[in-house]
Amino acid sequence: MKHIKLGGLDVSRIGLGAMGMSAAYTGAGADDAESLRTVRRALDLGVTLLDTAETYGPFTNEELLGRAVKGRRDEVVLATKFGRISHLHGGARRLDSSPATIRIAVEGSLRRLGTDHIDLYYQHRVDPDTPIEETVAALAELVAEGKIRHIGLSAAGPATIRRAHAVHPIAALQSEYSLWTRDPEAEVLPLTQELGIGFVPFSPLGHGFLTGAIRSTAQLDDNDWRKNNPRFTGENFRHNLRIADEVQAVAAESGATPAQVALAWLLAKADTIAPIPGTKRVSRVEENSAADGIELTAEQTGKLDTLTRALGSTHEEADMRLIGR
Ligand SMILES: NC(=O)c1ccc[n+]([C@@H]2O[C@H](COP(=O)([O-])OP(=O)(O)OC[C@H]3O[C@@H](n4cnc5c(N)ncnc54)[C@H](OP(=O)(O)O)[C@@H]3O)[C@@H](O)[C@H]2O)c1
């Protein structure tokens, strides 16, 4: 597995997103034994970057990851996130990146992950009530104390990224980026390159859609997050199936799977990019990790660059408002 740098942090250029093992998607939490095997198989395959957040579960995903890396902590770059749970005012899903909440959050994450340091600690969403300078100053103190090694932001807008980076180097920006979500290309990806910040695409498989495995919303449980997502509903979903077909066509031609094509396309965009495809299955972590060895031709990349445009926003309206601030 090839490695890249996120700021000063060395990682395998394909990581593993653990969210779906405990939250959001059909089958989450149903088979922890397979999830544990999946994480360990990823490590065997050379994946080092593991991604979680205190809000996944909440808390249970960090606990699961802590169990999975027990005895193998030194092989792993552990990334987690704070800021979507207020530990002082109001609890779950309330944005809070105040220094006081960060202090509580980091101790909980360290305990659940079973470690004395977090390698990459992200603010999960920008908190409109706490200036980013205060948040990053609090994180810089945690770096100085050795509790965290590197600082990340997620779904932040360009002005916030610049302000944050002026207080303390930001190692990575984690934002949605994939064949059907190209928004970062206009401004944010170039900015991260200018500032020497790594880019970690989340949902690089389009929440599974780009793999072609989801052909009908009837496949999704009622409590599956995608059930209400604009891209997965009604006419949008039917239109968007064309995109999955187009990815499938490139995959057939290149001898790779659609998931591998989606990841190889991201990897070819820059050598500062490390996607974190999510899966809770051993067979899929094997498939996704093997995208490291896929080279697309210029013609294939050209076709992928001009796929049919997706209909529907990437999130429901309330969640869209939290992005790019
Ligand atoms: N910072 C943020 O705000 C944010 C937001 C969302 C996600 N994330 C992070 O990004 C990670 C990845 O994003 P994501 O999980 O939302 O989306 P994703 O990686 O685009 O897709 C995950 C979905 O695809 C399926 N899948 C994975 N590999 C597959 C394959 N080879 N063939 C067919 N289906 C496959 C998975 O199902 P199975 O599990 O059943 O294989 C799962 O339903 C998350 O785990 C999380 O760590 C961060």
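Colleague: What should I know before I start?

Modeller: The model is predicted: local features need pLDDT of at least 70, side-chain atom pairs count only at pLDDT 80 or more, and totals for chains, interfaces and linings use all residues. Residues are numbered from 1 along each chain as its sequence is written.

Colleague: How many helices and strands does the chain have?

Modeller: The chain has 12 helices and 11 strands. Both are DSSP runs, numbered from the N terminus: helices are H or I with at least four residues, strands are E with at least two.

Colleague: What is its radius of gyration?

Modeller: The chain has 18 Å, which agrees with a compact globule of 325 residues, where the value would be near 20 Å. The radius is taken over C-alpha atoms, and the globule rule is 2.2 Å times the number of residues to the power 0.38. Along its principal axes, the C-alpha trace spans about 50 × 40 × 40 Å.

Colleague: What share of the residues is buried?

Modeller: Buried residues make up 49% of the 325. A residue is buried if 20 or more other C-beta atoms lie within 10 Å of its own, exposed if 12 or fewer, and partly exposed in between; C-beta atoms are placed from the backbone.

Colleague: Now the sheet. What is the strand order?

Modeller: The order is β3-β4-β5-β8-β9-β10-β11, in an open sheet of seven strands with parallel pairing. The edge strands, β3 (16-17) and β11 (198-202), each pair on one side only. Two strands pair if DSSP finds at least two bridges between them.

Colleague: What holds paired strands together?

Modeller: Strands of a sheet pair through backbone hydrogen bonds, either parallel or antiparallel.

Colleague: Which strands does β9 pair with?

Modeller: Strand β9 (residues 148-154) runs parallel to β10 (residues 172-176), joined by three bridges. It also pairs with β8 (residues 118-123) in the parallel sense, over five bridges. Leu-153 has Leu-173 in β10 as its bridge partner. Tyr-122 stands opposite Gly-152 in β9. Six of the seven residues of β9 are buried.

Colleague: On to α3. Which of its residues are buried?

Modeller: In α3 (residues 60-68), Asn-61, Glu-62, Leu-64, Leu-65 and Ala-68 are buried. They fall within an arc of 160 degrees seen down the axis, so they line one face of the helix. The arc is that of the directions from the helix axis to the C-beta atoms.

Colleague: What do they pack against?

Modeller: The buried residues of α3 pack against α1, α2 (32-44), β4 (49-51), β5 (77-82) and α4.

Colleague: And the ligand? How many residues surround it?

Modeller: There are 30 residues around the ligand, and the closest are Gly-17, Met-19, Leu-205, Gly-208 and Gly-278. A residue is near a molecule if its C-beta atom, placed from the backbone, lies within 6 Å of it. Helix α10 gives the largest share of the shell, three residues.

Colleague: Last one. Is Ser-203 buried or exposed?

Modeller: Ser-203 counts as buried because it has 22 C-beta neighbours inside 10 Å. Its place is in the loop between β11 and α8 (234-254). Not counting residues up to four places away in sequence, Ser-203 touches Glu-176 and Ser-178. Contact means that C-beta atoms, placed from the backbone, lie within 7 Å.

Colleague: What about Arg-93, buried or exposed?

Modeller: Arg-93 counts as exposed because it has 10 C-beta neighbours inside 10 Å. Arg-93 lies in the loop between β7 (91-92) and α4 (99-113).

Terms used
Contact = placed C-beta atoms within 7 Å.
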